[in-house]
Amino acid sequence: MSGERRFIVMRSLWMALLLVCSLFGPGCFSPEEPRELDPGADDDGDGLPNGWEEERGLDPLNGSDGVVCHGMAEYCLRSYDNFTFPETHNSFATIEDGVWMAMNHYTSLQAQWDGGIRAYMLDTHHLSKEDTAVEDVRFCHGDPDSTFLHPCIYSEVDAYAWMRHLGSLMNNSSGDVVSLLLENYVPGEHLEVLFNQTGMLDRVFVHQPGQPWPSIGEMVLNGTDLVVYWDYQYDERFPWLHHAWTHSWDTPYGEQEQDEMSCRVGRGDGIQPVWHLNNWLSSTFGLADPVRAGQVNDYDTLLERTLGCWEEVGDRPTFIAVDYWEDGEVTNVTITLNMMPDWSGEVPGHP
Ligand SMILES: [Ca+2]
Ligand SMILES: [Ca+2]
């Protein structure tokens with residue numbers, strides 16, 4: 001081939017290459033540059049959109065680099081208030097915990113956790129009127145106004161051991177967020193020691209009133225997978241102890257009859273997106289009612305009540321709180337509800 005001929009051939013090849021590059025855009029001369037991913041697509045099929053992964057430092061092209069929340073990657077995308085957590089009322093007041101008066105459940109934390117409960121109502125007291133040191137914090141259930149019978153006289157549960165147990169369950173879970181609601185009768189300083197010594201203070205999430213709640217996945221990835229509320233006044237020294245009725249609200253509780261149960265506002269303003277649907281009856285003695293718990297916790301009954309309240313309130317309940325969680329199917333009701341984007345959607349089959 002003559003020199004001139006070779007020159008013409010090479011020039012033609014270059015022209016063709018330039019034409020191809022102009023058609024396919026930038027990056028033509030540097031094929032190692034990462035291609036732009038569609039932020040809404042899920043290229044690695046791990047259930048998390050590319051954009052969501054990139055914003056959180058996850059690899060959108062690696063299916064094993066992701067996060068799972070409450071058993072499903074999709075639930076990581078939900079905001080904390082757009083999920084429904086089953087909750088036990090007086091979670092520690094159980095026969096297994098040795099509580100023999102004013103009990104609310106048969107089984108203790110381990111069984112509740114294994115059964116799917118992820119929110120717990122706890123009453124914090126000192127051991128007695130005399131024993132009020134920080135190490136005397138206990139979970140007790142009784143009348144706090146009684147002059148003669150201190151609530152811990154019936155039974156007391158070691159708050160430190162209970163909290164450590166919860167921490168170990170959370171450490172072995174795959175991306176589950178837990179909430180606690182404390183009916184509190186001890187100083188905030190004592191709660192801080194309790195949470196600090198049991199390793200739970202490191203994982204608390206701090207919410208600012210009125211601010212949107214983060215996604216569950218965000219909380220899990222940040223290691224802030226515990227939300228604590230207390231039924232006590234706001235104290236700026238403990239911003240992680242959210243005043244329950246500022247950051248959430250609830251429906252009335254402990255009705256005598258099932259037909260008295262409503263979706264009305266009990267405590268709080270009724271505006272907060274986080275709310276408790278209280279679903280337990282009181283017996284004529286004012287105690288938890290083991291006989292009728294099975295009725296109000298029945299799958300169809302509870303699902304119907306919840307969907308009705310979701311419609312009425314315009315927002316899904318964040319918590320469904322029950323007594324005798326073992327009777328009926330509160331956890332199955334929340335499994336069904338969490339598959340529904342809206343109350344008016346098709347109701348999936350019984351889990
Ligand atoms: Ca993905
Ligand atoms: Ca990934």
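So, Gly199: just after helix H5, this residue takes a positive phi of about 80°. Helices here are DSSP runs of H or I with at least four residues, strands are runs of E with at least two, and both are numbered from the N terminus.

Quick housekeeping. This is a predicted model, where local features need pLDDT of at least 70, side-chain atom pairs count only at pLDDT 80 or more, and totals for chains, interfaces and linings use all residues. Residues are numbered from 1 along each chain as its sequence is written, with chains lettered from A and ligands numbered from 1 in the order in which they are written.

Okay, back to H5, residues 188-197. Which of its residues are buried? Leu191, Leu194 and Phe195; buried means 20 or more other C-beta atoms within 10 Å of the residue's own, exposed means 12 or fewer, and partly exposed is in between, with C-beta atoms placed from the backbone. Looking down the axis of H5, those buried residues fall within an arc of 90°, so they line one face of the helix. That arc is taken from the directions from the helix axis to the C-beta atoms. Turned away from that buried side, you'll find the exposed Glu189 and Asn196.

And what do the buried residues of H5 pack against? Helix H4 (159-171), plus strands S2 (119-126), S3 (137-139), S5 (178-184) and S7 (241-243). Contact here means C-beta atoms, placed from the backbone, within 7 Å.

Now have a look at Val228. Leaving out residues up to four places away in sequence, Val228 touches Leu180, Leu182, Val204, Trp240, Leu241 and His242.

Zooming out, the chain has 10 helices and 10 strands, and 38% of its 351 residues count as buried.

How values were computed
Two residues are in contact if their C-beta atoms, placed from the backbone, lie within 7 Å.
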